[in-house]
Amino acid sequence: MTSADPAAIGREDGAGRDEVERFGARELYGALALALVGAGVVVGSPTLVVAALVPLAFVAAGGSDVTPDRSVRFTRRVGGENDDVSADGSTVSGDPGDAVTVRTTVHNVGDGPLVDLRVADGVPADLPVVAGTPRTATRLDPGESATVEYELELRRGTHGFADPVLRVRSLDGSARRTWTPAVDDDVTIRCAPAVDDVPLGDGTNDRAGDVPADEDGSGVEFHSVREYESGDPVRSIDWRRYARTRELSTVEYRAERSTTVVCVVDVRESERRTPAGSSLPAAALSVDAAERTALTLMDAGHPSGVVCLYERGALSVDPGTDATTRERTRTLLSAAGEGDRPEGSIARSRHGSPAEVLAAALPGEAHVYLFSSFVDDGLDTLPERLRAGNHAVRVVSPDVLSGGTDDAARIGSIARDNRLARARESGARVVDWDPDRSLELVVREAVGEGRTR
Amino acid sequence: MSGPDRSRLPSATVWAIVTAGLAGTAALSTAEPAIGMAALAGVIAGVACRFFAGGHGRVAVGAALLPIAFAGIVVGVGVTADVGGWAAALAPAAALVGVGLASAFTGGLSPTAFRRTGNAGIVSGVALGIVAVLFPVVSAAGGVRVAVPAALDPAWSVETTGLTGPVVGIVVAASAVALALRAVPIAAFTLPHRREGAVALRTGLVRLIAVVAAAAVAGLVVATLVGSLVPRIGWIVDAVSTSGLLRGTLATTTALATVALACWLFVRLVWLGSRGGGPNGSDGNVAVPTLVGVGVGTTVLAVVGSRLVPGTVAADLVTAGLLVTALLSVTVGLVARPYAGVIGEEAGRTAGTAVGLGSGLGGVVLGATVDLGGETGAVVSGGALAAFCAIGAGLFAYRAGVYGSDVAGDVGREAVARDVQLVRFTWTAAVAGVGVVLATVGLALATALSPTLSVPSTVGVVGGLVATGAAAWLLFE
C-alpha cells in the first residue's frame with residue numbers, strides 16, 4: 001500500500017491541480033490470504049486454510065475502481081462581526097496585531113455522499129493562525145456543508161491566500177483524489193495602516209511656511225503681548241488694551257515656518273535578509289515606513305525627499321511636494337525594497353560611502369529621518385556625522401531581531417542596542433520600532449510626542 | 001498557536017484500535033486466560049517506553065517498570081507453555097497487542113525515547129543477569145538474611161582475635177566510603193551554579209572520614225598499649241577485637257560503598273560518552289534515573305522471586321525465569337537502539353501495526369493448534385472461531401492505524417471529525433465481520449460434510465467459497 005505523504009494536502013501546487021491516486025491494498029491482503037493457505041497446508045491445519053477467507057474479504061471489498069467525485073464548492077469569507085477590520089471590495093484591511101476571522105465553507109454539490117473529505121485552506125504564509133484550525137476532515141451528504149473557522153493575526157504587508165487543497169478518499173480507501181478548487185469571493189488581506197499625520201515637533205527652519213514655530217513672528221496664531229516699541233505696525237497694536245489702560249502694547253503672533261525633510265532609507269544587503277523569528281526583512285519595513293512618512297509630509301506641504309543607501313552609493317529624490325516628486329519617491333522606494341534600482345533616470349545616483357553620499361545629497365537645513373535596523377555596524381557613526389552637520393536626526397529602527405531565540409540573535413540584539421545607544425548619545429531621537437506597533441505612533445515617538453525606548 | 005498534531009491518532013481511531021486490540025486479546029484468551037497477563041505486561045512495557053520521553057523522574061519510573069513488564073511477558077510465556085508448545089507463542093503476540101494499545105493511547109515514541117528504552121533494556125538485562133546468578137546461591141543458603149552474614153563471615157568472624165581484623169576493617173571500609181564519595185558525579189545532585197560548594201562539601205566529607213578512621217585506628221592502638229600496661233582496662237580491647245557487630249558493620253559498609261562506587265563509575269562512564277543535551281525531550285543523558293529505576297525494578301523482581309521460593313515455585317524455575325527475562329531485556333535493548341535512528345513519530349501506524357501483528361499472529365498460532373475432531377460444534381468452541389476473530393481484529397486494527405495516521409497526517413488529529421472516522425471503521429468492521437462469518441460457516445460446512453477434513457478438501461471448500469463470492473461480487477458490480 002502506498003503511504004500517504006503527510007504534507008501532501010498542504011502543498012501549494014497551484015490552481016488546476018487534480019490528481020487521482022490508487023493504492024494496492026488488495027495485493028497485501030491477497031498475499032496474506034495466500035500465506036495463510038500455505039501455512040495451513042504446511043502444518044496440516046484446515047482452520048488456517050479457511051482463515052484465508054478473512055483477508056480475502058478485504059480483497060473483495062477493495063475491488064472497486066471508482067474515481068472519487070470532486071463536486072465541491074469552496075467559499076471563503078474573511079472578517080467577522082467582532083473583527084476590527086474594514087472591507088473594500090476584495091480587500092480586507094486591519095492593523096498589525098489584530099485578529100481576523102476566516103470562515104471557509106465546503107458544500108457538496110454532487111449527487112452522492114463524500115464519505116471522507118479533507119480540506120486544507122491556503123493560509124497566507126506570513127500570517128499565523130492564532131485560533132482554530134484551517135483544516136478539517138469530514139463527511140458530507142449531498143447538499144450538506146461544513147464550515148471551518150479560524151483566526152489569523154495580522155502582520156504588516158499585503159497577503160493573499162494560497163490555493164486551498166481538497167482531498168476525497170473512496171470508502172474502501174483504495175483511491176484518493178486531490179485537487180485545488182476555485183474559490184468563491186477570494187479576498188486579499190492588507191495590513192498597512194495609513195499615517196494621518198507626521199508631527200515635526202521643533203523641526204522647522206527659517207523659511208516661511210505653514211508650520212507654527214515656537215517663536216514670535218508673522219502668522220495667525222496668538223503668541224504673546226509685549227510693550228509697544230517704536231516702528232511696530234499699527235495693525236499689531238492691542239487697541240482694546242489701550243482703551244482700557246491707556247498703554248500701548250503690541251500683539252505677537254506665532255511664526256510659521258516650513259520644514260525640509262529627507263527620509264534616508266537603509267536598503268543595504270544586510271537589511272534585506274530576514275532574520276530568524278522575523279516575518280519581513282528590515283528593508284521592507286523601512287521602505288514601507290519611509291514611503292508613507294514622506295508622502296504624508298508632502299501632503300502637509302513640507303518639501304520632502306528620499307535617499308536610499310546601497311552598499312557603494314545612494315539614489316536620491318530631491319525634496320519637493322509636487323506630483324513628480326511623489327511619483328519618483330514611490331518608484332524609487334518600490335525598487336529599493338527589492339534591492340533593485342529604478343528604471344530610467346528618476347533618481348540622482350551618487351557613489352561612495354554612506355556618510356559621503358549623504359553629505360552631498362542633503363540640503364543644509366534638512367531634517368533627517370533615518371530608517372535602518374542597525375543590525376550591522378555599517379551606519380554606526382552616521383547619526384553622529386549628521387548631527388555634526390547640524391541636521392536634526394530622527395532614527396526609526398525596526399527591531400527585526402527580537403523574535404530570535406538562538407544565541408546569535410541574542411548577541412546581535414545586544415550589539416544593535418549598543419548602536420542605538422550610541423545614536424542617542426549623538427543627540428538623535430531614536431525609536432526602537434516593534435514592527436507590530438502602529439507606524440503613526442512610532443513616528444510620533446520619533447519627534448518626541450510619545451515615549452521612546 | 002502550534003501547528004497541527006500529526007504525530008498522534010484522532011481519538012475515535014484510538015478507541016477503534018483499542019477495541020480491536022481488546023477483542024483480539026479476548027479471542028486469544030480463550031486458549032489460556034493467562035494470555036491477558038501477557039497483554040497487560042505489554043501495556044506496561046508500552047507505557048514504560050513512553051515514560052522515557054519525559055524528565056528524569058518519569059525516566060526512573062519507566063526504567064523501574066521495564067524489567068517488571070518483561071518479567072510479566074516471560075511469566076505469560078511460561079504459563080501458556082503448559083497448554084502446548086505452540087501456545088507459548090500466544091503470550092508474546094498478546095504482549096505485542098498490549099504494546100500497541102499503549103502506543104495508541106500515549107502517542108508515538110520519539111527517537112530519543114526509543115534510544116533511552118534500549119539503554120534501559122540493556123542495563124536492566126545486566127542487572128537481572130546478576131540477580132539471576134546470585135539467586136540460586138542465596139536460595140541455597142536459605143535466604144538473604146542467612147546468605148549475607150555467611151558471605152561476610154570471613155570478615156567478621158568472632159573467632160579471630162587481636163587488633164589486625166578491626167584495624168584492617170576500618171581502613172578498608174573508610175577507603176571504600178572515601179572512594180565512593182570521591183566518585184560521586186556532582187552534577188547528578190546539584191545545579192551548575194552550586195557545583196563549587198558541592199565539591200567542597202564532598203572534599204570535606206572525604207577528609208572527615210580519613211580523620212575519623214585515623215583517629216579510630218590510633219585510639220585502638222593507644223587502647224591496646226594502655227591495656228597492656230593497665231590490665232583493668234584490657235577488656236576494652238578484647239571487646240573491640242571480638243565484636244561481631246563492629247566487624248559486620250564495617251563489612252556491610254564496605255560492600256555498600258563498593259556497590260555505590262560501581263554505580264557512580266558507570267554513571268561517569270555513560271556521561272563521558274554522552275553528546276550532551278537536556279533532560280526534557282531532547283537527547284539528554286539519563287544515566288542516573290535509568291540506574292535508579294532499574295535498581296528498583298530489579299529489586300522488586302528479586303524480592304517477589306524470593307517470596308515465591310520455596311513454597312510456590314522451585315528456585316531453579318525462578319532463576320530460569322530471571323535469566324530469560326534478562327535475555328529478553330538485553331535483546332529488546334540491542335534491537336531498540338539501532339531502530340531508534342529509523343523510527344519516526346508515526347504513532348498511528350506503529351500502534352495499529354503492533355496490534356494488528358500481535359492479534360494476527362496470535363490468531364494464526366491459535367488456528368494452527370485447533371483440533372476439530374470432526375465435530376461441527378468445535379468450530380465455535382474449539383478455538384477456530386476465536387482464531388478467525390483474532391485475525392479479523394488484527395486486520396481491522398491495522399487498517400484503522402493506517403487510516404488514522406493518514407488522516408492525521410493530512411489535517412492534524414484535532415481537525416478530524418468523529419463521524420468521518422466512524423463511517424470508515426463501520427465499513428472496515430463490516431468487511432472483517434463478513435470474512436469471519438464466511439470462514440466460520442465455511443469451516444463448519446466443510447466439517448459437517450467431511451468429518452475427517454483433509455487439507456486438500458479444505459482448499460477445495462475455500463476455492464468454492466471464493467468462487468461463489470467472486471461471482472456474487474461480479475454480478476452486483
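## A sheet in chain A

Strand E3 (86-88) of chain A and strand E4 (residues 91-93) of chain A pair in the antiparallel sense over three bridges, where pairing requires that DSSP finds at least two bridges between two strands and a strand is a DSSP run (E) of at least two residues, numbered from the N terminus. Within E4(A), Val92(A) is the residue that stands opposite Ala87(A).

These strands belong to an open sheet of four strands in the order E3-E4-E14-E10 (chain A), with mixed pairing. E3 and E10 (157-160) of chain A stand at the edges with a single partner strand each, so one side of each is left without a neighbour in the sheet.

## About the model

This is a predicted model, in which local features need pLDDT of at least 70 and side-chain atom pairs count only at pLDDT 80 or more, while totals for chains, interfaces and linings use all residues. Residues are numbered from 1 along each chain as its sequence is written, chains are lettered from A and ligands numbered from 1 in the order in which they are written, and side-chain values use heavy atoms, leaving out hydrogens and water.

## Two helices in chain B

In chain B, the axes of helix H2 (residues 35-51) and helix H4 (residues 90-106) come within 6 Å and cross at roughly 40°; helices are DSSP runs (H or I) of at least four residues, and their axes are lines fitted to C-alpha atoms over the stretch in contact, with angles from 0 to 180 degrees between N-to-C directions. H2(B) and H4(B) are therefore oblique to each other, the class left after under 35 degrees (roughly parallel), over 145 (roughly antiparallel) and 65 to 115 (roughly perpendicular).
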